[in-house]
Amino acid sequence: MNDTTIPAGGAPNGRSADANRRLQLIEVTLASLAEVGAQGTTLAHIASQAGVSAGLVAHYFTDKEGLLEAAFRVLLAKHREQLRWRLTAAGETSDRLKACVEACLSPEGLRASDSRAWLAFWSLVHQSAPLARIQRVYQRRMLSSLRAALRPLVPAEELVERAASIAALLEGTWLQAALAGAASSESTVLCDRVLRHVTASLGERLPPSRVPASRVVSADGAGEPERMPSYNPATGEVLAWVPVAGPMQIDEAVARARAAQPAWAALTGTERARVLRRVSDILRQRNDELALIEMRDTGKPIQETRVVDIVSGVECFEYFAAMATGASGEHIDLGPAAFGYTRREALGVVAGIGAWNYPMQSACWKSAPALAFGNAMIFKPAELTPLSAAELPAIMRAAGVPDGVFQVVQGGTDTGRLLVQHPGIAKVSLTGAVETGKAVMADAASTLKHLTLELGGKSPLLIFSDAQIDQAVSGALLGNFYSAGEVCSNATRVFVHRSIKDEFLRRLLARVAVMKIGDPADPATQVGSLISEEHLRKVMSYIERGQAEGARLLIGGKRVTEGALERGFYVTPTVFDQCHDDMSIVREEIFGPVMMVLEFDDEEEAIRRANATQFGLSAGVFTQDLNRAHRVIEKLQAGSCWINHYNICPMELPFGGYKHSGIGRENGRITMEYYTQLKSVYVAKGNIDSPY
C-alpha cells in the first residue's frame, strides 16, 4: 500500500461485503478515538462496540496499528475531498489561497468527533512509521496546494518558505482550536483571522468571504467592478463585497449559456440524472458548511439552516434527477391513416431570480428542474443574501455539470431587469414580492417570455372547535415564527372558533413566552435576526400601526437590543388579539414575526373571511372532522394547503399560489410543463389525398 492509497472501506460505491465490514469497523474506530482516545481504542474495544469478535477485527487489520492506519487514511481522504471541493470552486489566486485555509479550518474538521480523532492521530504519529507516512502525505499535499496558490503572488525564491510559514500557522491554529474544544461554528472566525495575517504578510487585501469574481469587470470593460456589500444581519458586520453584473456581464453569461445548452439538452435524461444526483450528494456532504454560510447571510438560526435550507436543496436535486429520466410526451392514435406524438423539449436558456429568505433553497428549486429538462440557467440571488448561492457553480462543476450550463450573477434590481429583458433568455422564474412580480411580468411581455412567479401571501389558518388545540398551536407557531416570520406562505391570519379561542391563546402565549431569541450560531436559538435594518423598521411600523388601529398586543412587539444582540435586527415574536378584517395588519403582508388572531362562529363565515384577500398562496385547516377538512379546503382560494399541519413542502407536491400570489408552480411533476415546450408531430401512414 503506497502513501496515497485509501483502503477499500473508504470507497463510497461498489463495495463488497468485506469492504462494507471494513468501513463499519473504521467508523467505529474513529468514534472510539473521539470518545476514549488512542489508549482506550483496542481491538477488543472495537470488537465490543461493533458487536463482533476481536478475531474478526484482527482478520481485517492484523493489529491495532493496522486498524489505526486504515482509520487515519479515511480521515486523510476526507481532508483531500474538502480541499478538492474548495480548489474547484476557486477562480482567482486569492480564492485558491482561501480554499487552502478553509480546508484546514473547515467546520467538518472542527466538529468534535473529527477533531478529537485528529488529535489522537497527532499524538501517535511519532510512534508509528505508517502514521508518519500519512502525515507526510498530508503535509506534502497542503504545501503543494499553498505553493500553487502563492506562485503568482511571491517571488520564486520565497515560495517554499512562504508556503511552509502559512502551513505552520494553519496547523498551529487548528491545534489550538481543537485543544480548546472550538465549535464548528467558529470555523469562519478562525479562517478570517488566518487570512488577515496572510493578507498583511503579502501586502494585498483578500475579501473576507469567497465569492467568485472571475470574468466580472466594470460595465465599460475597464477598472474595478462595481461591488455591493453583503451584511450579517445578526451583527451588522460586512461579510463580503460582491461583484455586480452589468450589461456586458449579462451578455457574456447568456452567450456562454447558449453555447453550452444544446449539448446538455442532447444528453439522455438518464445521463443528466447521474450528474444531478452527484450535485445532491455534494450538497449533502457539505450541508454543515453551507448551513453556516446561510446562517451568517440570513440571520436565521443554525438549528434551521442545518435541517431545512440545504437539505431542501438536496431533496430537490434528488427528485428532479428522477424526473429527468422520465420526461416524455405521448402517443396519439389518429386512425388507420396516421398517428401523432408529442415531444417535451427544453426552452433553452432560463433565468432564476431568488428570494432573500431562503437563498440556497430558492437556487435549487429553480435550477434543478431547469437542468433536469435540458435547459441552461443563469441564477441571480437576492442582493441581501448573495453568498450561499455563490457556492453552487463550483458544486455543479464538481458534479459534472458542463461550464456555462449553470451560472450565478450578482446584483440588485438593475441586474434582474437585464436578465428579464434579455432576448436570449426564454423564461424567468422569480420568487419575490407582488410588486416585483408585476414589474417582471411587464418587462417579460416585450419578448413573450415564459414566467413562473411565486409571490407574497397573507394566508389564513382556520382552527375549528373540534381541533386538537396543542396541534393547532404548533401549526400556528410554524406558520408565523419560523425563520423569524420571513416566510411567504406564513399563516399570519389565525382564525380561531370563538368557543376555544381563550384556551388556544392561553396555550399559545405560554409557548411563545419561552421561545429563545439570540445568536443564530447558538444551536439553542429559535428566533434569529430579521434580514436588515430597513426591514426591521417596516415590521416595527406595522406593530405600531396595529396598536393604533385598536388591536390588542398580547406579547412581544419589541426590538431586542440587549448585549450582543444590539447590533442585529431582532424583534420578539408578536401576537395580536381583537383584530378586525379591515385592519392594515390583517390585510397587508408584514413578513415578520407578527401573528393576528381573529375569532369566528361558523364554517361559512370562516371561509368567506379567509378568502377576502388579494392573496392566495397558502391556507391551513385544523379539525378532526375530515369531511369538514376536505370541504373547507375545496372552498379556500389558495394554491398550497395543509390539513392539521402547516408549512411542510415535500418536493412531490407543487407549490404556488392563486390570485396575486403568483403564476405557475414549483416542484412536483407539473414543473416539467414550466421548463419545457411541447412539440406535436403528425406522422402519415399512407398517401396524401390531394384535391390538386
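A cavity here is a set of points, on a 1 Å grid over the protein atoms alone, where a 1.4 Å probe fits but cannot get out, and a lining residue has an atom within 4 Å of a point.

I noted that the model is predicted, that local features need pLDDT of at least 70 and side-chain atom pairs pLDDT 80 or more, and that totals for chains, interfaces and linings use all residues. Residues are numbered from 1 along each chain as its sequence is written, and side-chain values use heavy atoms, with hydrogens and water left out.

I then read the volume of this second largest cavity, about 60 Å³, where a volume is the space filled by probe spheres set on grid points joined across faces, edges and corners. I counted three cavities of 30 Å³ or more by this rule.

Helix H23 (603-611), strand E17 (615-616) and strand E18 (618-622) each give at least two residues to the cavity lining; helices (H or I, at least four residues) and strands (E, at least two) are DSSP runs, numbered from the N terminus.

I turned next to the second largest pocket, an open set with protein on both sides within 12 Å along at least five of seven lines, and found a volume of about 1,100 Å³. The pocket lining has 38 residues, and Trp-356, Thr-431, Gly-432, Ala-433 and Thr-436 lie nearest the pocket's centre. Helix H18 (434-445) is one of the elements giving two or more residues to that lining, and H18 supplies the largest share, seven residues.
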